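Reader: I am new to this and would like to learn how to read a protein model. Could you walk me through one, feature by feature?

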Amino acid sequence: MKLNKLTVIAGGVCLSLFLIGFAFSASASNAANPSTDKVDTIRSSFDDLKAKLDPDQNHQNSAVPVPLVQGEDFQISKQEFIFYKSNLELINKLQNHQTSISDDALIDNMVKKELTVSYAKNLGLKVTPEEVDAVIERERSSLSDSSIKGRNNETVRELMKQRIRITDLSEDEFWNSDQTKKGYEEALLIGKLFDRLVAEGKIGKEGADFESFQKNLLESSVGKLTINKNVLKP
């Protein structure tokens, strides 16, 4: 299962994975830079995101944070939720989608991703550091390759520029960070699980079958998760 397809199926929280799939899986037809309005929208959205994350980060530095979701072997933090929600809102805005997703649905999506990663690990599937590094290098090369043109591609480059900016990390520090590598590792694990399930005839090659599989994981987790939506209150 290729990474760009995986990002759509996994619905993960790693912005770089989602955005790179969004652009570089598309055909590079018309070379064009994003409009000034679009650049302003991207920058202001990331500024807003940073403003939301910074106070919460300061609070977490002074106290043990209460997770939004506590699973048997994973946690989802308020910060991760804010980041995920803000990313999807920005993508919808850039694609002129007027639909919105409830917080409950967003939490379900994040939980399904974590449950899928746990399922893959419990099967004994593994991703080596070398595999992670190879994918990161390939994606970085795609982003920096000026010969890859197209409106979507240029928009993604701007998105990643702003994504890295709000971390206060250098580009090398961002791509080599534990958080970035963890996102790619989990995405690759889900890809390997997809391939295993297809090879065993448990699902078809279409994304809908995998979505049904993830939905079943979510339904099976009822009573095993602690969800504290109070942490989302201002």
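This is a predicted model: local features need pLDDT of at least 70, side-chain atom pairs count only at pLDDT 80 or more; totals for chains, interfaces and linings use all residues.

Reader: Is K113 buried or exposed?

Author: The idea is to look at the relative accessible area and call a residue buried when the value is under 20%. K113 has a relative accessible area of 7%, so K113 counts as buried. Its side chain also has a partner: a polar contact of 2.2 Å joins it to the side chain of E186.

Reader: How many residues does α5 have, and how far does α5 reach?

Author: Helix α5 has 20 residues and reaches 28 Å from its first C-alpha to its last, close to the 28 Å expected at 1.5 Å a residue. After the helix comes G124, with a positive phi near 95°.

Reader: Now a helix seen from its end, please. Which residues of α6 are buried?

Author: An α-helix has 3.6 residues a turn, so residues three or four places apart point the same way. Helix α6 covers residues 129-144, and V132, V135, I136, E139, R140, S142 and L143 are buried in it. Looking down the axis of α6, these buried residues stay within an arc of 160°, so they line one face of the helix. The face turned away from that buried side carries the exposed residues E130 and S144.

Reader: What about the nonpolar core? Which residues touch the most other members of the largest one?

Author: The largest nonpolar core has 38 residues, and V111, W175 and F210 touch the most other members. Helices α4 (78-94), α5, α6, α7 (151-165), α8 (171-175), α9 (178-199) and α10 (207-220) each supply at least two residues of this core. Another core, of 10 residues, lies apart from it, and F46, I82, L159 and I166 are among its members.

Reader: Which residues does V111 touch?

Author: Leaving out residues up to four places away in sequence, V111 touches V69, F74, I76, L218 and L225.

Reader: I would also like to read ring pairs. How many aromatic pairs are there?

Author: A pair of aromatic rings is described by the distance of the centres and the angle of the planes. The count here comes to five aromatic pairs. One of them is W175 with Y184, a tilted pair at 6.4 Å centre to centre and 45° between the planes. Both W175 and Y184 are buried. F194 and F210 form an edge-to-face pair, 5.4 Å centre to centre, with 75° between the planes. That pair links distant parts of the chain: F194 belongs to helix α9 and F210 to helix α10, 16 residues apart. F194 and F210 are both buried as well.

Reader: Which residues form one aromatic cluster?

Author: Y119, F194, F210 and F213 form one cluster.

Technical notes:
Residues are numbered from 1 along each chain as its sequence is written. Side-chain values use heavy atoms; hydrogens and water are left out. Buried means under 20% relative accessible area, exposed over 50%, partly exposed in between (1.4 Å probe, protein chains only). A polar contact is a pair of N or O atoms within 3.5 Å; within protein, one must be able to donate a hydrogen and the other to accept it, and residues adjacent in sequence count only if both atoms are side-chain atoms. Helices (H or I, at least four residues) and strands (E, at least two) are DSSP runs, numbered from the N terminus. The expected span of a helix is 1.5 Å times one less than its number of residues. The arc is that of the directions from the helix axis to the C-beta atoms. A nonpolar core is a set of buried Ala, Val, Leu, Ile, Met, Phe, Trp, Tyr and Cys residues joined through side-chain atoms within 4.5 Å. Contact means heavy atoms within 4.5 Å. Rings of Phe, Tyr and Trp (its six-membered ring) pair if their centres lie within 6.5 Å; planes under 30 degrees apart count as stacked, over 60 as edge-to-face and the rest as tilted.
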